[in-house]
Amino acid sequence: MKAFLRVLKRLSLAILALVLLFGLALVIFLSFAPQIGQHPVGEDLERISQSPYWEEDHFENLIPTSVGSLKDVLGTLGDYLNAENTSPEDSLPVQFGFNEAQNDSLTCITWYGHSAFLFEMDGKKILIDPMLGDYSAPISFGSKRFPYKEAIPIEELKDIDAVILSHDHYDHLDYPSIMALNDEVGHFYTALGVGSHLKSWGIEADRITELDWWEEGALEDLKLVACPSRHFSGRSLVHRNSSQWASWVLIGQNRRIYFSGDGGYGPHFKEIGAKYGPFDLAMMECGQYNEAWSEIHMMPEESVIAGMEVKGQVLMPIHWGAFQLALHSWTDPIVRFKAKAKEEGQEMIHPMIGERFSLEIDSPKTEWWLDL
């Protein structure tokens with residue numbers, strides 16, 4: 001019996017040592033890994049704390065919002081046993097073809113999956129949330145991108161006038177993508193506080209413009225507006241909500257586009273529509289949802305209603321088609337969004353990943369996800 005107790009004690013000490021070593025490694029990683037970024041400190045913190053949406057040490061949503069309690073999240077663990085079709089069985093078809101000549105009279109859009117886009121608008125090239133990497137996480141065994149028939153041709157993205165960043169989560173702000181694109185980007189426009197991450201990665205402060213909700217920026221004749229969303233921020237275990245999250249409005253000479261970013265349903269959609277609508281295209285978050293965190297990610301039916309409230313003449317579901325970050329089937333977002341749009345008589349589009357289309361000419365509706 002004594003021998004057994006000695007073995008048990010040694011085993012317990014070994015397990016404790018492993019836990020402590022893991023904890024120490026995690027602390028070191030979160031402190032020094034460049035992809036984690038840097039929360040606002042010093043002058044940056046002093047500046048953003050002047051925002052009317054800043055409360056003591058963090059940003060707040062316009063209405064009370066729960067990101068999902070630990071109890072709620074743990075309650076979804078059983079769903080993992082029943083989750084089906086959470087990723088495609090085959091590589092996703094893509095249609096990359098950026099080498100076509102740009103026509104300044106047209107507004108052209110390319111979707112790279114999830115929430116990453118290239119806008120060609122009024123002679124400008126603008127990337128929004130260019131998460132073009134393989135993992136939506138700070139480490140390689142995080143959530144891996146669904147396989148594509150061809151890799152995203154990030155090397156073809158040249159002479160980018162601006163990058164817009166909605167918030168700092170890994171599936172929207174990707175360190176490897178930003179580093180690969182940096183030399184080709186003229187300017188970065190971010191939600192308030194997100195610029196601190198960019199500066200920690202060596203991007204010059206004079207190339208960064210941070211906007212609070214309802215603030216307007218300009219890229220020559222293009223107006224860029226940061227608008228509210230209902231979400232949260234953070235890239236580590238601490239400093240949650242130390243930077244802001246935003247949706248974005250792009251107003252050109254002839255076209256208006258709304259990009260929802262991430263977030264739950266709320267009254268801000270009607271307010272944005274009243275201030276800046278109607279929009280030729282409203283790109284609405286639709287994916288990675290669950291009842292356990294329903295206040296920070298919309299259900300597909302809510303996404304359609306929100307798009308109508310923001311006065312989108314044509315809607316496009318985004319935030320799907322690249323990663324498994326929730327337990328619904330990977331096609332559930334598009335299937336439910338299409339059904340609700342049809343029920344409401346609302347025009348919508350669903351281009352292929354990589355398909356370059358024009359708002360003035362095209363209305364892409366290929367059901368490319370079928371049989372995958």
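This is a predicted model: local features need pLDDT of at least 70, side-chain atom pairs count only at pLDDT 80 or more; totals for chains, interfaces and linings use all residues.
**View 1. A cis peptide bond joins Gly277 and Pro278.** A word on the labels used throughout: helices (H or I, at least four residues) and strands (E, at least two) are DSSP runs, numbered from the N terminus.

**View 2. Glu56 and Asp122 both have positive phi.** Glu56 has a phi of about 60 degrees although it is not a glycine. Its place is in the loop between strand S1 (54–55) and strand S2 (58–59). At 77% relative accessibility, Glu56 counts as exposed. For Asp122, phi is near 55 degrees, and this residue is found in the loop between S4 and strand S5 (124–128). Asp122 is partly exposed, with a relative accessible area of 21%. For these labels, buried means under 20% relative accessible area, exposed over 50%, and partly exposed in between (1.4 Å probe, protein chains only).

**View 3. Phe117 and Phe259 form an edge-to-face pair.** A search of the whole structure finds 18 aromatic pairs. Rings of Phe, Tyr and Trp (its six-membered ring) pair if their centres lie within 6.5 Å; planes under 30 degrees apart count as stacked, over 60 as edge-to-face and the rest as tilted. In this pair the ring centres are 6.4 Å apart and the planes stand at 80 degrees. Phe117 lies in strand S4 (residues 117–121) and Phe259 in strand S12 (residues 256–259), so the pair ties together parts that are 142 residues apart in sequence. Phe117 and Phe259 are buried.

**View 4. Tyr175 and Trp201 also pair edge-to-face.** Their ring centres are 5.0 Å apart, with the planes at 65 degrees. The pair links distant parts of the chain, 26 residues apart: Tyr175 is in helix H5 (residues 175–181), and Trp201 is in the loop between helix H6 (195–200) and strand S8 (208–211). Tyr175 counts as partly exposed at 22% relative accessibility, whereas Trp201 is buried at 9% relative accessible area.

**View 5. Helices H8 and H9 pack at an angle of about 45 degrees.** H8 covers residues 300–309 and H9 residues 332–344, and their axes are 8 Å apart. Axes are lines fitted to C-alpha atoms, for helices over the stretch in contact, and angles run from 0 to 180 degrees between N-to-C directions. H8 is therefore oblique to H9; angles under 35 degrees count as roughly parallel, over 145 as roughly antiparallel, 65 to 115 as roughly perpendicular and the rest as oblique. Among the residues making the contact are Val304 and Ile305 of H8, and Phe337 and Ala341 of H9; contact means heavy atoms within 4.5 Å.

**View 6. Val94 touches Tyr148, Lys149, Glu150, Met352 and Ile353.** Residues up to four places away in sequence are not counted here. Val94 is found in the loop between helix H4 (79–82) and strand S3 (108–111). Val94 is buried, with a relative accessible area of 14%.

Conventions:
Residues are numbered from 1 along each chain as its sequence is written. Side-chain values use heavy atoms; hydrogens and water are left out.
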